[in-house]
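User: Could you walk me through a model I am looking at? I am new to this and will ask as we go.
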Amino acid sequence: MVATTSVNTLYNFVELDITDLGLYPDGIKDICERKIDGLIIHNFFTQNEVSSVVDKLTRKGAFPDSPFGDILIYGPALYVSDKDIAQYCEQAAQFRDFCSKLFSEGREFETNLQETLKVISGGRPVEVPHAPNGLPYTPTTIRVLEEEQFMGWHFENQFLHCTPGYQHLLTQIEHEDHLSYFAMLSASEVGGDLILYDIEWSDTEWPDTGNSGRERTGTVGGKPIPSVMENYDKMYLNPSPGDLVIFDGARILHRVSAVEKGSQRRISIGGFLAFSNNREKLYYWS
Ligand SMILES: O=C(O)CCC(=O)C(=O)O
Ligand SMILES: [Fe+2]
């Protein structure tokens with residue numbers, strides 16, 4: 001029996017069931033070192049667990065004065081935080097409470113994430129970082145895309161290297177690579193694909209490192225990224241509810257395409273992963 005499948009079109013993703021994850025005890029390191037580009041892990045959550053969460057996410061429309069515009073995001077995101085992350089940490093505490101109620105019917109999100117990551121962390125402890133004030137970062141955020149909504153192009157490295165909220169985290173983690181993770185809670189029938197492009201962070205130029213990550217001022221070969229990106233090869237991923245995807249989002253240009261009109265909304269829960277200094281721990285945050 002073949003336990004895992006290698007999805008090798010543009011990038012090399014390994015697709016497997018959560019029960020086979022033990023085959024990749026160094027999965028995170030393998031992605032950081034480009035042995036593979038990502039993992040698609042089926043049955044991270046069961047269909048029952050996913051449904052009970054989605055049934056509770058009934059809010060329509062973004063929160064008032066949201067930094068994410070019209071997009072409904074639950075939980076604070078470090079990439080839109082100020083350099084002083086005290087407020088981000090307060091919001092993280094509130095979101096943790098919300099999240100534990102949300103997942104109360106099945107396994108708790110953070111526990112499931114930690115246990116899963118422990119299998120592929122090379123034996124390292126898996127933890128959320130703590131701010132200088134001693135408070136924890138948020139483990140994750142929930143992203144809802146209604147019909148015609150999308151997530152614009154980006155590299156996670158934009159946030160690491162070009163936004164003020166990441167300054168403390170930069171002292172805690174290895175800078176070479178950090179990864180994206182997300183679990184699908186609800187998939188749209190048409191659209192809402194994760195699209196990866198054949199453009200890497202090292203191919204791009206970032207003229208200033210203040211807020212240019214958020215403002216997306218990057219160029220490739222001197223040309224603005226959005227003016228040329230559609231000429232490059234692409235790879236489409238459309239994970240199913242319950243899947244966990246981990247990939248090299250820091251180095252690979254990606255976006256999420258618009259949810260087509262008439263399709264159900266796309267809901268994902270996710271964040272980022274990186275080794276601590278000297279690779280002693282694996283950190284997750286959002
Ligand atoms: O689907 C999501 O929640 C986020 C996609 C993405 O940009 C990422 O995982 O880095
Ligand atoms: Fe991303």
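User: How many bridges join β7 to β15?
Analyst: Two bridges join these strands, β7 and β15, which run antiparallel, and strands pair if DSSP finds at least two bridges between them. Strands here are DSSP runs of E with at least two residues, helices are runs of H or I with at least four residues, and both are numbered from the N terminus. This is a predicted model, in which local features need pLDDT of at least 70 and side-chain atom pairs count only at pLDDT 80 or more, while totals for chains, interfaces and linings use all residues. Residues are numbered from 1 along each chain as its sequence is written, and chains are lettered from A and ligands numbered from 1 in the order in which they are written.
User: Which residue is the bridge partner of Met151?
Analyst: That partner is Val256, in β15.
User: And what order do the strands of the open sheet follow?
Analyst: The four strands are ordered β7-β15-β9-β13, with antiparallel pairing. At the edges are β7 (151-154) and β13 (234-237), each of which pairs on one side only.
User: How far apart are Arg107 and Phe45 in space?
Analyst: Their C-alpha atoms are 8.2 Å apart, although Arg107 and Phe45 are 62 residues apart in sequence.
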